[in-house]
Amino acid sequence: MATVGQQHLYRPILTAVGSDCRRHVTTRFLPVPRRNVSSRLRQILSLEVGKEVAPASSTVNMEELVGFLYKDLPHLFDDQGIDKTAYDERVKFRDPITKHDTISGYLFNISFLKNIFTPQFQLHWAKQTGPYEITTRWTMVMKFMLLPWKPELLFTGTSIMEVNPETKKFCSHLDLWDSIKNNDYFSLEGLVDVFKQLRIYKTPDLETPKYQILKRTANYEVRKYEPFIVVETIGDKLSGSSGFNNVAGYIFGKNSTMEKIPMTTPVFTQTTDTDQLSSDVSVQIVIPSGKDLSSLPMPNEEKVNLKKLEGGFAAAVKFSGKPTEEVVRAKENELRSSLSKDGLRAKKGCMLARYNDPGRTWNFIMRNEVIIWLEDFSLD
């Protein structure tokens with residue numbers, strides 16, 4: 001998804017309603033941020049004009065409905081489930097590859113995703129965006145359990161939820177994905193986006209730094225990392241292995257108490273500048289969570305040290321194959337270009353994250369990432 005720009009659509013403000021959630025009369029227009037909503041999707045949410053309707057006699061407590069969604073949507077895929085009484089019997093659901101027109105179809109879609117993909121849903125925010133409209137922003141991570149390698153599918157986006165002013169229930173739910181431009185049903189771009197995520201990446205069953213996925217575009221994903229500790233030493237280049245044995249030695253017991261520390265993934269190599277000729281490079285292994293600097297043994301070697309990274313916002317691009325210096329620098333440049341185009345401020349330097357042992361993993365299933373820290377980031 002490209003970052004929301006400064007262009008605007010115009011949303012109708014309603015003064016009269018009919019017998020269902022689609023029959024309204026428009027009177028004036030307010031600007032709202034442009035979304036990737038094509039003409040056909042706008043027709044789904046469009047208002048029928050020119051019909052004789054009675055003045056609105058119903059009042060809808062939209063603030064109460066926003067609060068309801070904050071409590072209800074986190075149960076979308078758990079055993080409790082959502083409260084179906086909050087939806088009209090004829091509720092329209094659309095996303096780029098799925099559509100249903102009844103509450104039973106809506107619930108069937110939720111059940112299908114739950115059983116096939118074991119989704120994890122996170123609601124970031126919900127807010128009123130029109131007289132009878134609430135928009136939510138979310139992240140959904142799904143594992144496709146039917147494939148042996150259980151690929152992880154990641155979607156972020158917004159949902160536009162319309163309220164029927166007579167029943168005071170939700171009557172439509174339109175999902176828009178950040179990763180595609182054409183959010184029509186049936187979107188070939190959306191289908192391709194799904195199949196692209198089915199490729200094989202081998203991620204070792206080891207602890208990784210904790211992060212929250214905020215947004216996935218066609219070119220990168222934005223994460224919010226929690227603070228974590230690394231043991232590090234000086235390296236020679238981003239794709240190099242110089243220094244790895246020193247930091248690996250620390251966690252294997254070459255420290256002041258000869259403590260063996262569990263291995264984690266990935267191994268980071270990090271630069272502090274964009275100029276590859278003048279950049280300092282450090283090689284880092286992440287210390288498992290639950291440790292703090294005061295409780296860790298001291299390194300035996302002077303050139304090895306412990307450091308706490310404060311985390312924060314970062315953009316990452318994933319790729320497979322052997323991460324040569326040329327490939328890594330090309331990925332960094334592509335990522336910087338995408339971030340600049342989307343109006344995100346990137347910090348100097350970058351990290352290469354290598355998740356696999358190159359001696360035990362085929363190149364085509366290796367998981368590598370180029371990560372660039374961001375100055376800030378907002379989901380508004």
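**Figure 1. Overview of the predicted model.** The secondary structure of the protein comes to six helices and 17 strands. Of its 380 residues, 50% count as buried. Among the contacts in the protein with a separation of 6 or more, 65% are made by residues 24 or more positions apart.

**Figure 2. The open, six-stranded mixed sheet.** The strands follow one another in the order β4-β3-β8-β7-β6-β5, and their pairing is mixed. Because β4 (98-100) and β5 (120-130) stand at the edges, each with a single partner strand, one side of each is left without a neighbour in the sheet. From one strand to the next, the twist averages 20 degrees. Within this sheet, β6 (residues 133-143) and β7 (residues 152-164) run antiparallel and are joined by eleven bridges; I134 stands opposite M161 in β7.

**Figure 3. Helix α3 packed on the sheet.** Helix α3 (residues 103-117) touches β3 (87-95), β4, β6, β7 and β8 (169-177), and the direction of the helix makes about 50 degrees with that of β3. The 15 residues of α3 should span 21 Å at 1.5 Å a residue, and the end C-alpha atoms are 21 Å apart, which agrees with that expectation. The buried residues of the helix are I103, G105, Y106, N109, I110, L113, I116 and F117. An α-helix has 3.6 residues a turn, so residues three or four places apart point the same way. The cover over the buried residues of α3 includes β3, β4, β6, β7 and β8.

**Figure 4. The largest pocket and its lining.** The volume of the largest pocket is about 1,600 Å³. Its lining is made up of 45 residues, and those that lie nearest the centre are E152, E221, K318, R367 and E369. At least two lining residues are supplied by each of β5, β6, β7, β9 (211-216), β10 (221-225), β15 (312-319) and α6 (325-341).

**Figure 5. Strand β17, mostly covered, and its antiparallel partners.** Six of the six residues of β17 (residues 368-373) are buried. In a regular strand the side chains alternate between the two faces of the sheet. Both faces of β17 are covered, with N368, V370 and I372 buried on one side and E369, I371 and W373 buried on the other. E369 is also among the residues that lie nearest the centre of the largest pocket. The pairing of β15 with β17 is antiparallel and extends over six bridges, and V317 stands opposite V370 in β17. Strand β16 (residues 351-354) likewise pairs with β17 in the antiparallel sense, over four bridges, and here M351 has I371 as its bridge partner in β17.

Figure 6. Most residues other than glycine have a negative phi, and most peptide bonds are trans.

**Figure 7. Positive phi values at K168 and M258.** K168, a residue other than glycine, has a positive phi near 60 degrees and lies in the loop between β7 and β8. With a relative accessibility of 43%, K168 counts as partly exposed, since that class lies between the limits of 20% for buried and 50% for exposed residues. For M258, also a residue other than glycine, phi is positive and near 55 degrees; M258 is found in the loop between α5 and β12. The relative accessibility of M258 is 67%, so M258 counts as exposed.

Terms used: Residues numbered from 1 in each chain as written. Predicted model: local features only at pLDDT ≥ 70, side-chain atom pairs only at ≥ 80, totals over all residues. Heavy atoms only, no water. Pairing = 2+ DSSP bridges. Axes fitted to C-alpha atoms, helices over the stretch in contact; angles between N-to-C directions. Contact = heavy atoms within 4.5 Å. Expected span 1.5 Å × (residues − 1). Buried < 20%, exposed > 50% of the residue type's maximum accessible area, 1.4 Å probe, protein only. 1 Å grid on protein atoms, 1.4 Å probe; cavity = no way out; pocket = protein on both sides within 12 Å on 5 of 7 lines; lining within 4 Å. Points joined across faces, edges and corners; volume = space filled by probe spheres on them.
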